[in-house]
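Reader: I am new to this structure. Please show it to me, and then let me ask about the terms.

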Amino acid sequence: MVKSKVYVTYPLAEEVLALLKERCEVEMNPENRVLSTKELLEKIEGRDAVLVVSASITEEICQAAKGKCKIFANYGVGYNNIDVDAATKHGIFVSNTPDVLTDAAADHTFALLISTARRIVECDKFVRSGQKGWGPMNMIGAQVSGKTIGIIGGGRIGKATAQRAKGFNMNIIYTDIQASREFEIATGGKFVDKDTLLSQSDFVSIHLPFLPSTKHFISTDELKLMKKTAILINGSRGPVVDEKALVEALRDGIIGGAGLDVFEWEPELAPGLTELSNVVLTPHVATSTMDTRIAMGELCTQNIFAAIDGKMPPTCLNPEAKDKR
Ligand code: 8YV
């Protein structure tokens, strides 16, 4: 029997490839970099499915893939890299990887929050450099336990982050398009409007998808509403925060610090960001644990197998694509 052909756009764990290879012929981009549209156009030709890691799936790509390609299985919960409407128009399913990465993402959010508050990176540098000056007033940080955390976006990862905050006896407030009973039952959090959240929180943690409406959701005006001591955490998508405005606010003492896993023009950074000591920066690794990376790959594989069998992929984002085939 002829095997279905799958292209994987970034190097992934052997375990994931082995699963895919049980039923498919697999080719993977061996280089740790995002493929250009030109490269992608060449690589997707003749493929039945594409496992999309960070690549941009545009109208042009969908147009080229139509007819043969059944699914773009996105390796991530956020799918702003894919033009879902274009894929639907050309009868191609799009899937993502919700749930399996929620805990890892929330764990990392808390890692950033505590590292920034307690100046862990600065402390590490201090100890390694053999500096003198150890003492009770050295490296004073910000208290986490008992403080107020404001969660922007009460979805899966926002809720899981708030559950961790509960373990630190934090006062939890949150904002979203509308209140969520599920969020409140799980966390005891109180729904407030955006301005109240910004002005009352000691820690503001962002958990929004990147949409035209969430671009620069946090910019100069929002930063000015925050406490001078407040710490901003972003593990969602870079462009949700106006990074140039953030650098200014951090430099001018408008807010106290920031922990960032995502960046507006990643992997490029806003000028001045790396010169600041009150930031902790990680390279978009919130879901990077081997358990989670494999679980994400397994879910992509399930989606791909379903699509090539003519079934509905379990975490399909555009079931209506079926009618366009
Ligand atoms: C991944 C992510 O690191 O799930 C998401 O939306 O951003 C992360 O899990 C990413 O998709 C891989 O590039």
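Author: Start with pairing: two strands pair if DSSP finds at least two bridges between them. This is a predicted model. In it, tyrosine 7 stands opposite glutamate 27 in strand 2.

Reader: What makes strand 1 and strand 2 a pair?

Author: Pairing needs at least two bridges. Five bridges join strand 1 to strand 2 (residues 24–28). The strands therefore pair, and they run parallel. Between them the chain passes through helix 1 (residues 14–21), in a right-handed β-α-β crossover.

Reader: How do you know that strand 1 pairs with strand 3?

Author: Three bridges join strand 1 to strand 3 (residues 49–52). The cut-off is at least two, so the strands pair. They too run parallel. Valine 8 has leucine 51 of strand 3 as its bridge partner.

Reader: Why is strand 1 called largely enclosed?

Author: Buried means under 20% relative accessible area. Four of the five residues of strand 1 (residues 4–8) are buried, so the rest of the structure largely encloses this strand.

Reader: Which backbone atoms lie 2.8 Å from an oxygen atom of the ligand?

Author: A backbone N or O atom of glycine 78 does. A polar backbone atom of valine 77 is 2.7 Å from a ligand oxygen. The protein covers 86% of the 330 Å² of accessible area that the ligand has on its own.

Note on methods:
Residues are numbered from 1 along each chain as its sequence is written. This is a predicted model: local features need pLDDT of at least 70, side-chain atom pairs count only at pLDDT 80 or more; totals for chains, interfaces and linings use all residues. Side-chain values use heavy atoms; hydrogens and water are left out. A polar contact is a pair of N or O atoms within 3.5 Å; within protein, one must be able to donate a hydrogen and the other to accept it, and residues adjacent in sequence count only if both atoms are side-chain atoms. Accessible areas come from the Shrake-Rupley method with a 1.4 Å probe; for residues, only the protein chains shown count as cover. Buried means under 20% relative accessible area, exposed over 50%, partly exposed in between (1.4 Å probe, protein chains only). A crossover is right-handed if, with the strands pointing away from the viewer, the path from the first strand over the helix to the second runs clockwise.
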